[in-house]
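Hi everyone, thanks for coming. I'd like to walk you through one protein model today, so please have a look at it with me.

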Amino acid sequence: MQFIDLTAQQQRIRSEIEERIRNILDHGKYIMGPEIPELEKKLAAYTGVRHVLGCASGTDALLMALMAYGIGPGDAVFTTPFTFIATAEVIRLLGAVPVFADIDPLTFNIDPEKLEAAVKALRGEKSDPCPLPGKTEELPAAKGIIAVDLFGLPAEYRSVRSIAQKYGLFLIEDAAQSFGAEYHGTKAGALADIACTSFFPAKPLGCYGDGGALFTDSDELAEKMRSIRVHGSGPHKYDNIRIGINGRLDSIQAAVLLSKLSIFPEEVKLRHQAAQRYSSLLAGIPNLRLPSVTGGMKSIWAQYSLLAENENHRTEIQKKLQEAQIPTAIYYPIPLHLQSAFADLGYREGDFPISEEISRRIFSIPMHPYLTKESQEKIAEILRTG
Ligand SMILES: *Cc1c(COP(=O)(O)O)cnc(C)c1O
C-alpha cells in the first residue's frame, strides 16, 4: 500500500500528458510558454481570484508574497509553529522575525485568540502572557500574518482577518496543502490578501517536479509579484526596477498541471468519500482522536491525521501498521520554535504547549483519491485491534 498513490492517477491521464509535453518539445517555449497563461487563467476561474501567477515552488510563492510587501530586517510576521519549515523560513530569509502563536487543539490551525495575544504583546499592549522571540529591548514591528491551512483544512479566516484589519496587518494564506478546500463557500486561494500554493507532487494538486502559484485580487500586488518573479523586471528589458528572483514555473510543469486539473474536481469528490469512509470506519475507537472539521469548512484532506494517546501509543500503532505494510508519516514531529534553524529566536520548550503536545501524538495514514475501500477497512481493523 502506498501513502499517496500517484501511479493510479497517472494511468488515467498519461496519454494526455505525453501529448502536451510533446507539444512543448515542438514549440520550444520551455520558459513562460503558452501553457503558463492557460494554467493561470484556469486556476483563476477555479478559485474565483482575479490574478494567478505560476511560480517555481510553494516556498517561492511565500517568499515573493513577503517581498511584495517589502518585508525585511526589523519586521515581524505572525504565524503558527505547527507547520512545514517553509512557512517561517521565508520570513527569516528576508531578515525578518517569525513571531509564533499556538494552535487550536482541534483544527491544528493558528488559534485566533493566541494570535491576537501575540500581536498585542509585540505592540507592548496588555495581553494574555505570550512568549515572544529574542531579547526584549528591540522588538520588531508587526507587519503581517501568514495563516496556514494545515492538512488541507482552512484556518479560521473570519477571526484571523478581523485581527489583521484591527491591527493594520497584511494577511497571507499558506494554501500549500489546501488547494481545492473551501471556507464558507470560498475556495482556498481566495481567503487572504495573497494566497500561496504548492504543486509539489504529493500536494492535492501536484506536478512532476517543483511548482507553485500566487493568488491575489489586488492589481498592484499582482504587478509587483509579476516583476519579482522575473528578477524585478520593469518596462525596459534591461532596466530592472527592484530586486527579485528567478521564480518562474516551467512550461512542462504547467502542462502536467493542466492535465491534472481536468480531473481535479472528480478527485476532490473521491478525497471526500475516502475521508468520510475513514470517519465511519474509525469512529468510536478508544484512545484515538479523529480529525475534526468545523462548520462551513471543506478540507481537501491533504493528510488524514489522527491523534494517539501519547508518544508511546503512537509508536505502537505505527509499528502495527508497518508490520501490515501500511505506511504512516508524522507531520510534524518538531514544532518550528524548537527546530535548530530557529534557535537564535530564543524560544523554549513549553512556549507553545499545544503544538508541542500535538507533535508528540499526531500521525497520518494513507490518503489519496484512489484509496480503496478494502485498504481503508484493513487499516481500520488494525487500528481497532490496536
Ligand atoms: C509544501 C509546503 C510548503 C512549500 O511548498 P514547496 O512547493 O515544497 O516549496 C509551504 N508551506 C506548507 C504548509 C507546505 O506544506
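Let's start with a pair of side chains: Arg92 and Asp344 form a salt bridge, with 2.6 Å from N to O. By salt bridge I mean a side-chain nitrogen of Lys or Arg within 4 Å of a carboxyl oxygen of Asp or Glu.

A word on the ground rules. This is a predicted model, where local features need pLDDT of at least 70 and side-chain atom pairs count only at pLDDT 80 or more, while totals for chains, interfaces and linings use all residues. Residues are numbered from 1 along each chain as its sequence is written, and side-chain values use heavy atoms, leaving out hydrogens and water.

Now the domains. The chain is assigned domain 1 (6-261) and domain 2 (264-385), with bounds from an automatic or database domain assignment. Their centres, taken over C-alpha atoms, are 24 Å apart. Between the two domains there are two salt bridges. In domain 1, 49 residues are in contact with 41 residues of domain 2, contact being heavy atoms within 4.5 Å.

How much area is buried between domain 1 and domain 2? About 3,800 Å², with 63% of that from carbon and sulfur atoms. Of the area that domain 1 buries against domain 2, Phe82, Phe100 and Phe151 supply 17%, more than any other three residues. Buried area here is the accessible area (1.4 Å probe) that two parts lose on being put together, summed over both.

You'll find Phe151 in the loop between strand E4 (141-148) and helix H6 (157-166); helices (H or I, at least four residues) and strands (E, at least two) are DSSP runs, numbered from the N terminus.

There is also a cis peptide bond between Tyr331 and Tyr332, with omega about 5°. Tyr332 sits in the loop between helix H9 (311-323) and helix H10 (353-361).

Last stop, the largest pocket. Helix H3 gives the most, with three residues.
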